[in-house]
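User: Please take a close look at the place where the two chains meet. I would like one connected account of that part.

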Amino acid sequence: MKYTKLLKGNHALAEGGIAAGCRYFFGYPITPQSEFLEHMAEIMPEANGEFVQAESEVAAINMVIGAASCGAKVMTGTSGPGFDLFHEGIGNLHAHDFPVVIVDIMRGGPGNGSLHPSQQDYDVCIKSRGDMKNIVLAPWNHQDMYDLPNLAFELAFKYRNPVVIMADNVIGQSYGNVVMDDEFKPTEFDTSSWAMSGAKGRERHLSIAHFPDPNVANEMQHYKQGKYAEMAKNEQRSESYYCDDDPEVVVVAYGIMARNSYAAVKALREQGYKVGLFRPVTLFPYPMDALNEATKNAKHVLVAEMSAGQMCADIKGRGFDKDVVLKPGFCPSSVPGTGEIEAWIKELL
Amino acid sequence: MEYKVLIGGSGGQGVMLLGTMLAIAAINEEREATCLPAYGPEMRGGTANCTVIVSDEPVLTPSPDAVDAVIVMNEPSYSKFVGDVPENGILIVNSSITNNVVEEGVNYEIVKVPCNDIAAELGNVRAANMVAAGAYIQKTGAVSLEACEKTLTDYFGAKKPGVVKSNIDALKAGMDYVK
C-alpha cells in the first residue's frame, strides 16, 4: 500500500535503503549526516539486518568491503571529512568490482570544514584514484532521498561499481513529503559468479586489489574504461523544465540549487520570460546528451552551483561547447535564494 | 495557496515539535509541506528555529526568501527574527516572556498571546508551543484543528492520553484567545 509521511531527508534515505533491500550498514556519525545513521540504527534490527557503528570511518568502509565481497546490499554514509577517510576503501571497492551505496551529505570547506550547505564534494565524489569513476546520484527533494537508494543498488549491482548519493544538508536535514510503498519488492541480484559465498562444491572466487602483472593491469584498465563508456551510454539521467520552446536562458543546477533555480525559473515564466532549467540526476555519468538537447538554442547557459565551478568545469571537459556563466562562483555560507537566482538570470536576458 | 511561517524560540520550548506538527497536519490533509530546522551551533542552547511551508502544491523550496508569518516564543527570538516579518504579515509573540515589543509604526499585525500563562492555567506549561500553534492556525487557516488533533494523537500515542489532551486543550485555548 502506498502512503505519505513527513520525513527528514536523512531518515528518508534510511527508509529508502531498507526498502531497497539493504541489510547491512556500517558507519560513523558526522553532522549533517548523523540522522541517516541514527535512523538506520533504529530500523535495521526490525528488518533483521546488521547495523554497526564503527570506531572510525576507516573501520566502517573496511566493514563495508567485507559485506560487499559477499554480495550483500550494504550502505554507509558520511560527510566530507569522513569521505576523505573513505577514499582508500573506495579504491579497494573499485579494484574488486564490489557493489556498494555510499551517501555523502555535504558540508563546506576543506579539513573539518563548516556546517554550512555546500556542493563542494562534486569532484571527489565522481572520481576515485587510478582513473576510477563512482556513479553519482544527486537528489533534489525528500522523495528522491527515498527513491534513489533503490536506483543506486540497481546500478551498483548492474555494473559492480560504487554508487554515491550526494546531497546537501538542506535536503538532508529538512522534512518533506515522501510517498512510501510497503509492498515494494526490490530486485534480488545474481552474485553467484563472483561473491565470496564459500567455495564448497565449486571453484573458488578470486578477487585481488593488486595488479603487479602488466598484462592483468592493462586488461583491468581497459575493462574499467569500457564499463564507464557503457554507463555513459545507458545510464544518463536528468530532468528538463520549460526547455521545450527554445528558452533564451537555461539554468543548469542540481540538488538544492536546482530546487531554488526551479522556483526562480517558474517565477520568471509567470512574468513571461523564456527561461528553462536542466537538472542532472546522475552527475556521473553526466547526462550530456540531454544537456545538449535542452540548451541547443539557448542564448545563455547559467550554471548555478555552490562551488567554485566543479560541475561547470566537468561539463566543459566533456566537450560542452557553449559559453557558460557560473554563479555565484564560490561556495557561500547560505544557499542563494530564489530572488538572487532570478537576478542572475535577468542579467542575461 | 502557500503558507510560510518562521518559528523561533529557545531549545526546550518545543519549536521543532510545533513546526513538524504543522507540517504533519498538512500531510494529514493530503497537502504538501516542508520544515527546515536551523542547525549548526545554534542547536546547543541559544535560539532554535525552523521554517515551515504548507501548500496545496509541491513546495518549490524549503528555504524561501521570505515568509508571511513569524512566531516568536521568547525575547531573544523576537530580536533576532522581527526583521523577517513582511509588510502586511503576522507576528505572533509569546507575550508571557517577551516584553519589549515595538508596536508603533509597524506595517504588520502583532498578535500578543501569553502562551506560558495560558498553558500553565491548563496545567501543562510545556504546551505553550501548542497555544502559539492554535493562535497561528486561527489567524491564518494554514491547517485545520482536526488535522492538528490527529497529528498530536499519533505523535504522543495512546500511551499518553493525558499529554494528548493537554496539548489539544492548549491548541484550542490558543485559537480561542485570538478569536
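Analyst: What follows describes the interface between the chains and then turns to one residue of chain A.

The model is a predicted one. Chain A puts 24 residues into the contact, and chain B puts in 20 residues. Together the two chains bury about 1700 Å², and 61% of that area lies on carbon and sulfur atoms. Between chain B and chain A there are 0 salt bridges. Polar contacts are found across the interface, in 8 residue pairs with both residues at pLDDT 80 or more.

On the side of chain B that touches chain A, helix H1 (15-28) and strand S2 (32-37) each supply at least two residues. S2(B) gives the most to this side, with 6 residues. Sorted by class, the side of chain B that touches chain A consists of 12 nonpolar, 5 polar and 3 charged residues.

S2(B) also pairs with a strand of the other chain: strand S10 of chain A, residues 175-181, runs antiparallel to S2(B), and the pairing covers 2 bridges. In S2(B), B:Thr34 is the residue that stands opposite A:Gly176.

A:His96 belongs to helix H4, which spans residues 80-96 of chain A. The relative accessible area of A:His96 is 14%, and because this is under 20%, the residue counts as buried. Apart from neighbours within four places in sequence, A:His96 is in contact with A:Arg160, A:Ser207, A:Ile208 and A:Ala209.

Key
Residues are numbered from 1 along each chain as its sequence is written. Chains are lettered from A and ligands numbered from 1 in the order in which they are written. This is a predicted model: local features need pLDDT of at least 70, side-chain atom pairs count only at pLDDT 80 or more; totals for chains, interfaces and linings use all residues. Side-chain values use heavy atoms; hydrogens and water are left out. Helices (H or I, at least four residues) and strands (E, at least two) are DSSP runs, numbered from the N terminus. Buried means under 20% relative accessible area, exposed over 50%, partly exposed in between (1.4 Å probe, protein chains only). Contact means heavy atoms within 4.5 Å. Buried area is the accessible area (1.4 Å probe) that two parts lose on being put together, summed over both. A salt bridge is a side-chain nitrogen of Lys or Arg within 4 Å of a carboxyl oxygen of Asp or Glu. A polar contact is a pair of N or O atoms within 3.5 Å; within protein, one must be able to donate a hydrogen and the other to accept it, and residues adjacent in sequence count only if both atoms are side-chain atoms. Ala, Val, Leu, Ile, Met, Phe, Trp, Tyr, Cys and Pro count as nonpolar, Asp, Glu, Lys and Arg as charged, and the others, Gly among them, as polar. Two strands pair if DSSP finds at least two bridges between them.
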